[in-house]
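Please look at the sequence and the structure before reading on.

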Amino acid sequence: MKVAEIREALDEFGRLYADHGRAAEATALRTLTVFLKDHEGSSVSALASAIRASRPKKATSIDLA
Amino acid sequence: MVQWVMRGGSDVRYRLIEVFMKGGVLKGRPQDNGFDIVIIDAPPRLTTATVNALCASTHLLVPTALTPISARAVGPFLKMARGIRVELNQELRLAGVVGTLTSPDGSLNAREQQLIKTIVDDALQEWKGAEGGYMFKRTIPRRASMSTTDALGYFVDDDAKISIRDILDEFGAELGERIKLP
């Protein structure tokens, strides 16, 4: 399976989650989709290295307003 | 409310930082499961919640619409926040002031540029920390998808001159550099 095919499948899952009002899952899948889009054409090993190198910050927000 | 204020003898201004310091919330070591970053959205007024946020924070980011009424409020707010810094949290640093609700492509018109040179620059003088004041180069424009879609429209593929994703990435990079995010 190519990176582009994985990206398209995840994008479709993201849309399905969004359609069902599951924003957190949809956002997570879209994040992964965007990452794969940026690395389309890369080899799997290069993709694995990029994933390891770009560990996202774990963030949260508190609304006190 | 009274019970909450009087609870346990600890200072009501430090309740939020107490939660952070208990462990499990913030990531102290790479293998911990806590958060790297916590963003606290607080009102620009001296409420108990705002004081707690300022006491628990390392950096302060002040968004303002680039209109005379909004921009004029930045100075008094920074003066108030500086007071909190001096009295309660000397670790607090000013990340900067970011202009919001600008034109869709993020460019500034002559009136907005003039506002930054006058009112905002004066306001930044209110923050007399060692690091000085800072106005972000990247502004956050008024775009419908930022308010109507999840994640501020980050995933929207629009055909505007500059995508929302690029705008937020640019802002994130500038903020990360400003606060020296590891």
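## A glycine in a loop

B:G106 touches B:R138, B:T139 and B:P141, leaving aside residues up to four places away in sequence; a contact here means heavy atoms within 4.5 Å. B:G106 sits in the loop between β3 and α6 (110–124) of chain B. Helices (H or I, at least four residues) and strands (E, at least two) are DSSP runs, numbered from the N terminus. B:G106 counts as buried because its relative accessibility is 13%. Buried means under 20% relative accessible area, exposed means over 50%, and partly exposed lies in between (1.4 Å probe, protein chains only). From B:G106 to B:N89 there are 17 residues in sequence and 34 Å in space, C-alpha to C-alpha.

## Source and confidence

This is a predicted model, in which local features need pLDDT of at least 70 and side-chain atom pairs count only at pLDDT 80 or more, while totals for chains, interfaces and linings use all residues. Residues are numbered from 1 along each chain as its sequence is written, chains are lettered from A and ligands numbered from 1 in the order in which they are written, and side-chain values use heavy atoms, with hydrogens and water left out.

The average pLDDT of chain B is 85, and 93% of the residues score at least 70; pLDDT is the predictor's confidence in each residue, from 0 to 100. For the model, ipTM is 0.73 and pTM is 0.74.

## Chain B as a whole

Chain B contains eight helices and four strands. Along the sequence they follow the pattern α-α-β-α-β-α-α-β-α-β-α-α. The C-alpha atoms of chain B fill a box of roughly 55 × 40 × 35 Å, taken along the principal axes.

Chain B has 182 residues, of which 39% count as buried. Among its contacts between residues at least 6 apart in sequence, 69% join residues at least 24 apart.

Not counting residues up to four places away in sequence, B:T100 touches B:P63, B:T64, B:A65, B:L66 and B:I140. B:L101 also lies in strand β3, but B:L101 is partly exposed, with a relative accessible area of 44%. The phi of B:L101 is near 55 degrees, a positive value in a residue other than glycine. Most residues other than glycine have a negative phi.

Helix α2 of chain B covers residues 15–21 and includes B:E18. B:E18 counts as partly exposed because its relative accessibility is 31%. Its contacts, apart from residues up to four places away in sequence, are B:S10 and B:D11. B:E18 and B:S103 are 85 residues apart in sequence and 41 Å apart in space, C-alpha to C-alpha.

## Two helices from two chains

Helix α8 of chain B (residues 164–178) has 15 residues and reaches 21 Å from its first C-alpha to its last, close to the expected 21 Å. The expected span of a helix is 1.5 Å times one less than its number of residues. The buried residues of α8(B) are B:I164, B:R165, B:I167, B:L168, B:F171, B:E174 and B:G176. Among the elements that cover them are α2 (23–38) of chain A and β2 (59–65), β3 (93–102), β4 (140–141) and α7 (144–148) of chain B. Just after α8(B), B:K180 takes a positive phi of about 55 degrees. B:K180 is exposed, with a relative accessible area of 68%.

Helix α2(A) has 16 residues and reaches 22 Å from its first C-alpha to its last, close to the 22 Å expected. Its buried residues are A:A26, A:L29, A:T33, A:V34, A:F35 and A:L36. These pack against α1 and α3 (44–53) of chain A and against α8 of chain B.

## The second largest pocket

How much space lies in the second largest pocket? The volume is about 230 Å³, meaning the space filled by probe spheres set on grid points joined across faces, edges and corners. On a 1 Å grid over the protein atoms alone, a pocket is an open set of points where a 1.4 Å probe fits, with protein on both sides within 12 Å along at least five of seven lines; lining residues have an atom within 4 Å of a point. Of the 14 lining residues, the closest to the centre are A:D11, A:V34, A:K37, B:F155 and B:D157.

The elements that give two or more residues to this lining are α1 (3–19) and α2 of chain A and α8 of chain B. The largest share, four residues, comes from α2(A). By class, the lining has four nonpolar, two polar and eight charged residues. Ala, Val, Leu, Ile, Met, Phe, Trp, Tyr, Cys and Pro count as nonpolar, Asp, Glu, Lys and Arg as charged, and the others, Gly among them, as polar.
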